[in-house]
Amino acid sequence: MDAAEKEEISVEDEAVDKNIFKDCSKIAFYRRQKQWLSKKSTYRALLDSVTAGKESTRFQIINEAAKVPLLAEVYGIEGNIFRLKINEETPLKPRYEVPDVLTSKPSTVRLISCSGDTGSLVLANGKGDLKCHITANPFKIDLVAEEEVVMSINSLGQLYFEQLQIPPKQSTATKENEEDTSDNTTQENQEELGLWEEKFRNFVDVKDNGPASIGLDFSLHGFEHVYGIPQHAESHQLKNTSDGDAYRLYNLDVYGYKIHDKMGIYGSVPYLLAHKLGRTLGIFWLNASETLVEINTEPAVKYALTQTGPVAAKQKVRSQTDVHWMSESGIIDVFLLTGPTPSDVFKQYSYLTGTQAMPPLFSLGYHQCRWNYEDEHDVKSVDAGFDEHDIPYDVMWLDIEHTEGKRYFTWDKKRFPYPKRMQELLRSKKRKGSTDILYIWNDMNEPSVFRGPELTMQKNAIHHGNWEHRELHNIYGFYQQMATAEGLIQRSKGKERPFVLTRSFFAGSQRYGAVWTGDNTAEWSYLKISIPMLLTLSVTGISFCGADVGGFIGNPEAELLVRWYQAGAYQPFFRGHATKDTKRREPWLFGEEHTQLIQEAIRERYTLLPYWYSLFYSAHVASQPVMRPLWVEFPDELETFGVEDEYMLGSALLVHPVTEPKATVVDVFLPGSNEVWYDSKTFSHWKGACTVKIPVALDTIPVFQRGGSVVPIKTTIGRSTGCMTDSPYGLWVALSTKGSAVGEFYLDDGHSFQYLHQKQFLHRKFSFASGVLTNSCADKRGHYASKCVVEKILVLGLKKQPSSVTSHSPDGKAQPVAFTYCAKTSTLNLEKFSLNVGADWKVQIQ
């Protein structure tokens, strides 16, 4: 073993140790903000300084201690968004403002100044249903929607802004400056506050620009449920933080991260959603420096008993969640997304940061990976193993050891003497090597620097434009993925969709590819936490996400591996991966019974590919997440707000992975008092708004189809997605309580940009009403010729046996259709017909 490998392994073993990473007590800007806020020094707005420009309304805010005014700007943005920026009016040098994350300059809406009382200013959008109510002293902003205050800014007085100073060596007046911040400049106090340098372990962070941190609080009125701010191995619903404990957004390489922990891991999206009955809100804090978020939820107290004599008064107290953001540097630049529905908030956020990139179809198949496949023979035998056991897969990833001395874009000539030939073998089965166009995996891009503080880059490293790394740490990985995706598009002369998988990410990363949850462990608890982790990524714009199936670190027992494959098959990015010191775990190495169960799970994934692809199209064009927490689909049902062990795939399928060992029964919550739900295997059905005990054997993954939906499937499975292009389709039609159903289907060539530039796509709508199933066009702009036919239709929830079924093709011909009906399960099976998927037709059941 060479020295580099030794270092690698020792770093891995050590990195599980939390002492390598900072907690709040070790972060100087956190300590400074806490100390200063304890003094309750407030800001006031100087409303006589208000100027209304074409784009924004500006005014000064000042604090008695600092004496130098800050400049606040309020913008109204298209689609019910407000933006608040606070910066120094005349900083010593420019402060960093995050570029490239917003897709374009947002279109502003002129805010109308309504008369406020003395000491306040009211700004309204054109319709007048959204208002910003600015109070001068102390400075506070209330966001008013339909006459109700839904959010207050700085109502707790936590606005904090360290203005840039001249370094002490250059200034004789330093003492004065420092006293403003600290009131005390002893050596000990200097170290405690970390103004110009900060020590951590044996590292010293020298701050040439001095202290520059910012902070602000937001109070969400009536909200008890908040979500977002990935990435943490934590519950989907954000938890209360206490002093010295905050959600940390700082991208770090944490090998075998701890679960139920608020420490920062590989990615950061500084975006939080709040939801209550009747309204969803979003707060997008556009800052790429290290950021901490504190959360305090006070639940509603229905009756506060106040004893007045013999009578106890009943007083209703509303719930409230306070969110306190703190960042090391930059400016305050925050977008307030006012909803009112979850779907509206998703659209507002994607209007700012972009939608999920439309993936190439192959990337929705199964990916096989290991650190590392040893040589060409190894690759060949693993590939053959999939065919031998009739398991489809699309991608074989080689980790770093295929290279010469870990140098990317090279091949180890001993182990891989004929890389082109090896890839041609994969290509012949329509699987992905890298001959036509390279598909790329960006790893270790937090950036991971083993000899740096917290295993990452020094904060005072200088980037292009003379910016310190501390300003942009959290967008380093975003830029790498952006450059990779744009480079691949250029390489194909703009023809091919790239696929880029990244470990580190930021707001807007969805525009460039997929994300996975990093170095997880082969334990049941990591399988369980993967669900809330992926739901949180999904609601913050990153739909293409997954977790390493089986756990990257350690050796999963056969039962855990099977359960993980069953879960992964119903999650957007589906990849098996393991570290090099684990036992081999290809799907056929755990005995015949387990091989068959894993094969079934992967084949179920391939059956549902048309539904997956249609969902990704909806994410791409309409900003709707692929994997959805129940509260997104059922926003008016309080029981859904805290559920994180099951989820919706689109609006049609509810999935409840089994995450406990030796489980024989699971409790599945089926939402919606007007809904009916069908078990996708047994076709049993239940009314919604109840919890059902579902018996589970090792071959069961509870999946339910929602009544009122149509799900397109493939009826035959090939060895890869490319082998299934022309294979026939089926439809699963699940009837609602009213006997109707609707669904959509999207198809294009699966790899190029022609769907965008030449409108070469099919977008179809299936609807079932009064016994007639209709296939019609959902988007007339699209044109794409497909030979594919619908050959099977399964109708669930049909109460009585039909006397006849006929199909009506576009030329008006009526054909009888063979059918079987099962009265016990109320299912109708239609088979052996051939209706073009892209044509208008009807099937009539009488």
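The chain has a mean pLDDT of 93, with 94% of its residues at 70 or more. Strand β35 (residues 653-655) marks the highest confidence, at 99, whereas helix α1 (residues 3-15) marks the lowest, at a mean of 39. The pLDDT is below 50 over residues 1-15, a stretch that has 21 contacts in the model beyond near neighbours in sequence. Residues 172-184 also stay under 50, and here the model has 22 contacts beyond four places in sequence. Where pLDDT is low, the predicted coordinates should not be read in detail.

Turning to the helices, a packed pair is described by the angle and the distance between the two axes. For helix α6 (residues 376-388) and helix α7 (residues 419-428), the axes come within 11 Å and cross at roughly 5 degrees. Because of this angle, α6 is roughly parallel to α7. On the α6 side, Glu376, Val379, Lys380 and Asp383 take part, meeting Pro419, Met422, Leu425 and Leu426 of α7. This contact comprises 5 nonpolar and 3 charged residues, with no polar ones.

In the second pair, helix α11 (residues 558-568) and helix α12 (residues 592-607) have axes that come within 8 Å and cross at roughly 10 degrees. The crossing angle therefore makes α11 roughly parallel to α12. Here Ala558, Leu561, Val562, Tyr565, Gln566 and Gly568 of α11 meet His594, Leu597, Ile598, Ala601, Ile602 and Arg605 of α12. By class, 8 residues of this contact are nonpolar, 3 are polar and 1 is charged.

Note on methods. Residues numbered from 1 in each chain as written. Predicted model: local features only at pLDDT ≥ 70, side-chain atom pairs only at ≥ 80, totals over all residues. Heavy atoms only, no water. Axes fitted to C-alpha atoms, helices over the stretch in contact; angles between N-to-C directions. Helix = DSSP H or I, 4+ residues; strand = E, 2+ residues; numbered from the N terminus. Parallel < 35°, antiparallel > 145°, perpendicular 65-115°, else oblique. Contact = heavy atoms within 4.5 Å. Nonpolar A, V, L, I, M, F, W, Y, C, P; charged D, E, K, R; others polar. pLDDT = per-residue confidence, 0-100.
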